[in-house]
Amino acid sequence: MTATASKGRSKRRTGGAIEFTCQAPDAQAVFLVGDFNQWNPMATPMKRSDDGIWSAKLKLEPGRYEFKFLIDGRWCCEPGCRDSDLACPNCVVNAFGTMNRLIEVT
């Protein structure tokens with residue numbers, strides 16, 4: 001499964017795992033947070049590459065998952081998108097009235 005989102009983020013199946021990436025070259029710490037880790041903000045730290053792209057791979061069962069990034073302590077649906085932007089691609093409104101990213105694993 002391959003899905004490409006805007007602003008340099010993508011998720012793709014790699015050897016049974018999904019790779020999440022986040023372009024945040026100035027960030028000091030980025031965490032992947034979502035349904036898959038019970039929204040635990042410290043459960044899935046991402047690793048920074050030399051070009052400022054952060055990544056994490058997770059093995060996920062087929063299903064629908066909502067997630068966000070925690071970038072230097074700030075919740076972010078998509079770097080560069082406002083959390084209230086209803087036009088943000090692949091986003092859904094959450095119970096707090098802000099946006100979550102959405103991925104469907106087949």
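Reader: Is Arg64 buried, partly exposed or exposed?

Author: The model is predicted, so local features need pLDDT of at least 70 and side-chain atom pairs pLDDT 80 or more, while totals for chains, interfaces and linings use all residues. Residues are numbered from 1 along each chain as its sequence is written, and side-chain values use heavy atoms, leaving out hydrogens and water. Buried means under 20% relative accessible area, exposed over 50%, and partly exposed in between (1.4 Å probe, protein chains only). Because its relative accessibility is 47%, Arg64 is partly exposed.

Reader: Which residue does Arg64 meet in a salt bridge?

Author: Side chains of opposite charge can pair when their charged atoms come close. A salt bridge requires a side-chain nitrogen of Lys or Arg within 4 Å of a carboxyl oxygen of Asp or Glu, and the count by this rule is one. At 3.4 Å, N to O, the partner of Arg64 is Glu66.

Reader: Is Glu66 buried or exposed?

Author: The relative accessible area of Glu66 is 16%. Glu66 is therefore buried.

Reader: What is the phi of Trp39?

Author: Trp39 lies in the loop between strand 4 (30-34) and strand 5 (47-48); strands are DSSP runs of E, at least two residues, numbered from the N terminus. Most residues other than glycine have a negative phi. Trp39, a residue other than glycine, has a positive phi, near 55°.

Reader: Where does Asp72 lie?

Author: Asp72 also has a positive phi, near 50°. With 40% relative accessibility, Asp72 is partly exposed. Its place is the loop between strand 7 (63-71) and strand 8 (74-76).

Conventions: Helices (H or I, at least four residues) and strands (E, at least two) are DSSP runs, numbered from the N terminus.
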